[in-house]
Amino acid sequence: MRTYKKTAAALLTACLCLSSAMTALADETIPVEGGPGTEGGPGYMVTAWEKMDGTYFDDQGNAIEGALLRGISVSKFQGNIDWSRVAQDDVSFAMIRMVSYGYEGEYTMDETFDRNMREAAANGIHTAPYIYLQTRTVEEAREAARFAVDTARNYPVDYPIAVDVESQYILDLSTQELTDVVNAFCQVVAESGYTPIIYSDYSKFTTEMDTSQFPYDLWFARYGSSHEFPGRTMWQCTDKGQIDGIEGNVCLEFAFKDYAAQGQPGIPDGWRPEADGKWYYYTGGNRKTGWVETDGVWYYLDPSADGAMVSGTSMVIDGVSYEFDGSGAMM
């Protein structure tokens, strides 16, 4: 079993949209005049970052070509979110901070992650976690990815699992070293049955990493109206968005690929060992609980232990005592 340590140092790390969540900046969602090339032409009034007649517009009144869906990225800095109201404000997906993961296995969970994932999904919003990466080696990156995947399995995930690459603690790595670290993280995510995506801004994508070596989608942060970048399938356009149900500013995102429609590969059906040393049974990408029969043998997946297989003990189930051998088979 791997041991993860929580440290105060990890609390000092930055995160997506941190600055916007802690400062009361002006609302960028204002009426703008549609310019040449927009659907209505000059004088056509639209609202920045919102949809009109099936088309999203930027803060200059230009159509955002190829934008399919609008979303947000959130963390504890957005406070207590009213997801029912968010869902009514044209938010199709939410990228939700899971953890700040550092070197030597040190990590800090975002205390709002569980609630945000569950409540967003319960209100029909597509969800996925993002991981603020601070690992400095390939093996540490793989460890962080395994942690992220193991945690993600407890939630409905139908957008890509994102690695957030912007920490000052890893930007002193060479271009090749950082590229290898990011690829290692994404490879574990992909091999686990999920779609990975890499988040960073224009400067870091062009000076700190070699994006030509990434066989994965990119989540591109560049504020304003410029969103084109090779491999970009998601765009973070502003950190001053205003969404009903969220107090203060929030980062707005646009997806140029409908991930939910194409489906996440998810976890293969069947038995799977996890980081806690226990075995779980998956169906449709989710952990099963209760009784399961495989190859004529009955096993019990303890609902009180998130579906962990019971083994090497006895258990009273619905008033009846059952014995399970070391392999988990009912005796």
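1. Strand E5 (residues 69-74) is largely enclosed by the rest of the structure, because six of its six residues are buried. Buried means under 20% relative accessible area, exposed over 50%, and partly exposed in between (1.4 Å probe, protein chains only). Strands (E, at least two residues) and helices (H or I, at least four) are DSSP runs, numbered from the N terminus.

2. A word on the source. This is a predicted model, in which local features need pLDDT of at least 70 and side-chain atom pairs count only at pLDDT 80 or more, while totals for chains, interfaces and linings use all residues. Residues are numbered from 1 along each chain as its sequence is written, and side-chain values use heavy atoms, with hydrogens and water left out.

3. Which residues point each way from E5? Leu69, Gly71 and Ser73 point one way, and Arg70, Ile72 and Val74 the other. All are buried. In a regular strand the side chains alternate between the two faces of the sheet.

4. E5 has partners of both senses. It runs antiparallel to strand E13 (residues 250-255), joined by five bridges. Leucine 69 stands opposite alanine 255 there. With strand E6 (residues 93-101), E5 runs parallel, through four bridges. Here isoleucine 72 has alanine 94 as its bridge partner. Two strands pair if DSSP finds at least two bridges between them.

5. Leaving aside residues up to four places away in sequence, its contacts include Trp83, Phe93, Met95, Ile243 and Leu252. Contact means heavy atoms within 4.5 Å.

6. Ile72 also figures in the largest nonpolar core, which has 76 residues. Ile72, Phe185 and Ile198 touch the most other members. Helix H5 (residues 175-191) gives the largest share of this core, eight residues. Another core lies apart from it, with six residues, among them Tyr299, Leu301, Met309 and Ala329. A nonpolar core is a set of buried Ala, Val, Leu, Ile, Met, Phe, Trp, Tyr and Cys residues joined through side-chain atoms within 4.5 Å.

7. H5 has 17 residues. From first C-alpha to last, H5 reaches 24 Å, close to the 24 Å expected at 1.5 Å a residue. That expected span is 1.5 Å times one less than the number of residues. Buried residues of H5 include Leu178, Val181, Val182, Phe185 and Val189. Among the elements that cover the buried residues of H5 are strand E8 (126-133), H4 and strand E10 (196-201). Glycine 193 follows H5, and its phi is positive, near 100°.

8. Is aspartate 150 buried or exposed? Aspartate 150 counts as buried because its relative accessibility is 14%. Its place is in helix H4 (residues 138-152). A polar contact of 2.7 Å joins its side chain to that of arginine 153. Such a contact is a pair of N or O atoms within 3.5 Å; within protein, one must be able to donate a hydrogen and the other to accept it, and residues adjacent in sequence count only if both atoms are side-chain atoms.

9. Four bridges join E14 to strand E15 (residues 279-283). Proline 273 has tryptophan 279 as its bridge partner in E15.

10. An open sheet of three strands also has the order E17-E18-E19, with antiparallel pairing. E17 and strand E18 (residues 297-302) pair over five bridges. Tryptophan 291 has tyrosine 300 in E18 as its bridge partner.
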